[in-house]
Amino acid sequence: MPAGIVVGAQWGDEGKGKIIDILASQAEVVVRSQGGNNAGHTVEVNGEVYKLRLIPSGILYAGTLCCIGCGVVVDPKVLLGEIDSLQARGIDCKNLRIDPRAHVIMPWHPALDGMKEKALGDQNIGTTHSGIGPCYMDKDERTGLRMYDLCHPDIFREKARRAGEAKNALIEKIYGEAPLDLDSIIEEYIAYGERIRPMLADVSVLVYDALKQDKRVLFEGAQGTLLDIDIGTYPFVTSSHPISGGACIGTGIGPTAIDKVTGVAKAYTTRVGSGPFPTELFDEMGDRIREAGHEFGTVTGRSRRVGWLDTVILRHAVRTNGLTGLCINKLDILAGLGTLRVCTAYRHKDGHLVEEFPPALEELALCEPIYEDLPGFDEDITGCRSFEDLPENCQRYIERIEALTGCPVTMVGVGPARDQMFDR
Ligand code: GDP
Ligand code: IMO
Ligand code: MG
């Protein structure tokens with residue numbers, strides 16, 4: 001049963017899209033199983049840059065079956081826009097399949113996302129305003145609309161009106177905003193459903209059959225471990241399960257199918273949105289890394305918060321995802337920075353050593369990172385194509401990550417292109 005999962009080991013934007021694109025050359029099926037268009041996955045091929053939000057990064061290979069599983073929340077307007085823009089660039093989307101069970105992001109979801117964030121004021125989560133949280137709320141409340149409904153006009157008309165009326169009451173009475181025009185929304189979305197209907201397929205069955213035929217299946221994680229609704233920095237998280245277990249639930253396959261789980265991390269740490277970030281840099285070093293790494297959001301263009309590598313977080317990712325290997329991206333960005341700092345553990349205010357990521361933010365707030373200083377490197381490593389090509393200090397940096405996380409570093413990224421990556 002040859003299935004591999006790629007997950008983000010930090011707070012998202014670790015370069016998962018690039019890794020999926022590289023690994024997809026060896027896979028027949030690529031599956032997205034959670035999140036929605038809050039994701040922004042950048043893939044660079046022959047100087048062309050693709051920014052994918054909902055469609056699996058395997059779409060750039062003509063023969064790869066790309067699936068959106070039951071655990072994803074799909075904004076049909078964004079999906080069709082993405083298909084159109086890929087097709088305009090010569091990328092065929094005929095191999096895209098969507099599970100009828102996946103929930104639909106309706107216009108009231110982004111609207112409510114924005115209203116909730118505004119009401120939270122300076123306590124806001126800093127969401128992508130894509131309607132992710134409100135859509136998953138409806139799913140868990142068992143009042144959501146699914147892709148099957150969207151593609152069956154009679155069912156959709158009735159369910160969408162009932163749901164929309166309830167949301168309009170909330171929008172008017174709680175948030176004091178103007179209600180949405182349900183008639184025009186329903187007609188607009190029925191038209192989207194018409195276009196999407198031929199893409200509906202039971203992804204659980206497709207993936208199971210592929211596995212039985214010994215085809216290689218890859219699960220493309222979105223977001224990152226620390227954004228997981230349970231295992232992340234709650235409430236500053238997303239509303240799904242970006243950890244590896246989420247791939248099984250959000251596709252409808254069992255964990256026995258998985259033989260490989262790769263955690264993707266940057267050689268430093270970034271985060272967009274609010275919430276704790278123990279190794280965050282507020283000084284000139286932070287600005288230098290942000291500029292060198294072009295750390296500005298793929299989806300919202302927001303400036304990403306930047307800090308040193310935190311191996312407490314990586315150990316948390318190794319444990320909660322069952323990582324079989326780590327991929328360290330953006331090592332090239334650390335060139336010329338002088339001494340490199342790596343957080344090895346936290347020191348609690350009461351003096352004790354904290355080696356595992358604390359479950360509550362109140363505890364985390366009492367922790368200070370403990371750093372180990374490692375010698376930096378000045379060489380441009382973007383042309384390196386093997387571990388042995390790397391300068392000695394770079395090799396030591398990678399080996400130290402392995403020792404501190406107890407997980408082998410199996411891939412190293414030295415640039416955004418397909419070939420700027422090597423196995424170890
Ligand atoms: P994802 O959401 O995990 O797929 O990551 P994003 O695409 O949001 O952000 C990662 C960014 O880093 C993208 O702009 C990539 O092109 C870029 N990138 C990925 N790996 C490397 C690398 O090894 N070196 C450099 N310099 N850039 C990289
Ligand atoms: P990829 O797949 C980085 C963050 C948002 C916010 C929090 C909740 O590109 O790595 P949401 O809109 O999901 O309710 O926002 O989660 N967030 C991400 N940060 N990369 C992502 O995806 C993210 N998806 C959501 O910034 O802090
Ligand atoms: Mg991203």
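## Salt bridges in the model

D373 is partly exposed, with 46% relative accessible area (buried means under 20%, exposed over 50%, partly exposed in between, using a 1.4 Å probe and protein chains only). Its salt-bridge partner is R341, with the closest N and O atoms 2.8 Å apart; a salt bridge here is a side-chain nitrogen of Lys or Arg within 4 Å of a carboxyl oxygen of Asp or Glu. This pair ties together distant parts of the chain, 32 residues apart: D373 sits in strand β17 (residues 367-374) and R341 in strand β15 (residues 340-348). R341 is partly exposed too, at 31%.

A quick word on the ground rules: this is a predicted model, where local features need pLDDT of at least 70 and side-chain atom pairs count only at pLDDT 80 or more, while totals for chains, interfaces and linings use all residues. Residues are numbered from 1 along each chain as its sequence is written, and side-chain values use heavy atoms, leaving out hydrogens and water.

Now for two other pairs:

| Salt bridge | N to O distance |
|---|---|
| R101 and D99 | 3.0 Å |
| K212 and D209 | 3.9 Å |

K212 and D209 share helix α8 (residues 203-212), sitting 3 residues apart, about one turn of the helix. (Helices are DSSP runs of H or I, at least four residues, and strands are runs of E, at least two, numbered from the N terminus.) K212 is exposed at 54%, and D209 is partly exposed at 32%.

There's also a network of salt bridges linking D13, K266, E295, R304 and K330.

Methods: Chains are lettered from A and ligands numbered from 1 in the order in which they are written.
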